[in-house]
Amino acid sequence: MNKTDILIIGGGIIGLSVAIELRLCGAAVTVLSRNFKQAAAHAAAGMLAPQAEALSSGAMLDLCLRSRSLYPDWTHKLEIMTGIDTGYWPCGILAPAFAEDIKNGLTPPDQCQLLPSSPWLDQAAIQQHQPGLSPKVVGGWWFPEDAQVDNRALAQVLWAAATQLGVNLCEGVPVEAIHHQHGRVIGVEALLGEWQAEQYVLATGAWSAELLPVPVSPRKGQMLSVQASPFEGTAQPLQQVLFGSQIYIVPRQDGRIVIGATVEDVGFTPSNTPAGIQTLLREAIALYPCLQDFPVQEFWWGFRPATPDECPILGLSPYDNLIIATGHYRNGILLAPVTAKLLSDLIVHRKVDPLLAHFDWQRFTNTNDRLSMS
Ligand SMILES: Cc1cc2nc3c(=O)[nH]c(=O)nc-3n(C[C@H](O)[C@H](O)[C@H](O)COP(=O)(O)OP(=O)(O)OC[C@H]3O[C@@H](n4cnc5c(N)ncnc54)[C@H](O)[C@@H]3O)c2cc1C
């Protein structure tokens with residue numbers, strides 16, 4: 001029997017971020033990770049985009065804005081610890097609109113009116129702000145406080161930081177079952193035997209329903225990248241993220257441009273498809289035509305952990321010693337620092353942040369997505 005203070009199931013961006021925060025509080029932490037490479041953390045675009053995502057005002061927007069504000073210090077701390085760059089880039093996000101977008105009411109997002117720091121740029125202003133946009137773009141919103149991180153680099157940094165801090169990282173170890181008795185988890189069954197801990201955290205992303213009856217299901221996203229700087233010395237032409245109504249285009253500082261993403265309700269069906277890639281290329285070229293000549297670099301896909309209301313499930317569970325940290329859907333990269341902070345405060349200091357009440361698993365108990373965990 002293996003023992004630890006805190007056992008985290010799942011070593012994606014959420015599991016690792018929580019593990020690091022708990023370890024910094026002095027706990028002995030073990031992470032059981034089935035497959036690090038499978039994590040959506042590697043597949044994402046890395047946008048930190050609470051405003052461009054047009055989240056309505058309320059707890060989810062508050063959570064996202066709080067996490068975005070934690071990003072500079074959080075990534076700085078991780079970079080100092082590991083000596084590895086996370087690619088955090090406060091580049092701002094531009095949300096260009098076509099005439100059809102305005103007609104269809106897709107823009108402007110209602111929260112923009114509340115945020116005077118996010119101005120509407122008219123056609124002349126937006127074309128000046130970002131040369132090379134389609135001439136059919138009629139204007140757009142500029143969100144200077146939205147940002148991005150290189151999510152693949154961040155995943156590596158988190159893994160390195162966790163290792164360095166002495167988190168016991170067990171890769172290639174799937175958890176097969178969670179055993180409970182009298183409202184407490186008494187152990188988990190994993191590939192290499194059983195584990196026991198004082199406290200457990202479920203952070204298994206899109207696969208969470210395999211272990212607990214939580215209403216989390218996969219939403220596949222296909223992505224691709226092109227190389228914007230085929231010739232040495234050519235600068236990255238994009239200096240901000242473009243967030244269109246049908247496509248987003250995310251420049252990296254190394255010259256790559258990441259393009260995404262489809263949202264598909266196809267279970268865990270793997271692979272890129274011709275239809276998915278065709279859609280991405282068509283929409284990307286329509287928004288930013290000069291892309292059509294850049295060399296294609298890579299195609300990939302991943303699975304977002306979706307919940308019925310598209311908000312995460314965070315905090316207490318039906319079991320006294322199990323914390324849930326899943327369902328981050330489209331915003332798991334953005335929400336990693338705030339998730340780690342709120343849940344480590346909850347576990348170590350028993351401090352319940354009022355925001356957590358909005359993300360409790362019990363919000364689904366009165367719906368068709370009833371959880372039964374007796
Ligand atoms: C195409 C795409 C684009 C995205 N773009 C963005 C973006 O721009 N901004 C943003 O904020 N978010 C984005 N996301 C969402 C973000 O990637 C996810 O919300 C986030 O990665 C979820 O983190 P997680 O740790 O919960 O899950 P994951 O990162 O998926 O990690 C879960 C881990 O748990 C492991 N696991 C599963 N079951 C078990 C088990 N039984 N035992 C042990 N381990 C297990 C898996 O192997 C995996 O490694 C995007 C996602 C996709 C797919």
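Visitor: What makes you say where the ligand lies relative to domain 1 and domain 2?

Guide: Happy to explain, and please keep in mind that this is a predicted model. Domain 1 (2-83 + 151-214 + 308-364) and domain 2 (93-146 + 218-306) each give residues to the shell around the ligand, so the ligand lies between them.

Visitor: Which residues come nearest to the ligand?

Guide: The ligand has 46 residues around it, and Gly10, Gly12, Gly205, Gly221 and Gly332 come nearest. Among the elements that give two or more residues to this shell are α1 (13-24), β2 (29-33) and β12 (217-227). The largest share, 4 residues, comes from β16.

Visitor: How do you know which residues of domain 1 and domain 2 are in contact?

Guide: The test is whether two C-beta atoms, placed from the backbone, lie within 7 Å. By that test, 25 residues of domain 1 are in contact with 28 residues of domain 2. On the domain 1 side, α2 gives the most, with 3 residues. That side has 13 nonpolar, 10 polar and 2 charged residues. The C-alpha centres of the two domains lie 28 Å apart.

Visitor: Why is strand β4 called largely enclosed?

Guide: A residue is buried if 20 or more other C-beta atoms lie within 10 Å of its own. In β4 (residues 93-98), 6 of the 6 residues are buried, so the strand is largely enclosed by the rest of the structure. Both faces are covered, with Ile93, Ala95 and Ala97 on one side and Leu94, Pro96 and Phe98 on the other.

Visitor: What makes β4 and β6 a pair?

Guide: Pairing needs at least two bridges. β4 and β6 (residues 137-143) have 6 bridges and run antiparallel, so by that definition they pair. Here Ile93 stands opposite Phe143. β4 is also joined to β13 (residues 241-243) by 2 bridges, in the parallel sense, and there Ile93 stands opposite Val241.

Visitor: Which residues have the most contacts inside the largest nonpolar core?

Guide: Those are Leu158 and Ile249, in a core of 113 residues. Helix α8 (residues 332-349) supplies the largest share, 9 residues. The core draws at least three residues from each of domain 1 and domain 2. Among the residues that Leu158 touches are Ile13, Leu16 and Leu78.

How values were computed
Residues are numbered from 1 along each chain as its sequence is written. This is a predicted model: local features need pLDDT of at least 70, side-chain atom pairs count only at pLDDT 80 or more; totals for chains, interfaces and linings use all residues. A nonpolar core is a set of buried Ala, Val, Leu, Ile, Met, Phe, Trp, Tyr and Cys residues joined through C-beta atoms within 7 Å. A residue is buried if 20 or more other C-beta atoms lie within 10 Å of its own, exposed if 12 or fewer, and partly exposed in between; C-beta atoms are placed from the backbone. Domain bounds come from an automatic or database domain assignment. A residue is near a molecule or strand if its C-beta atom, placed from the backbone, lies within 6 Å of it. Ala, Val, Leu, Ile, Met, Phe, Trp, Tyr, Cys and Pro count as nonpolar, Asp, Glu, Lys and Arg as charged, and the others, Gly among them, as polar. Lists of a residue's contacts leave out its neighbours within four places in sequence.
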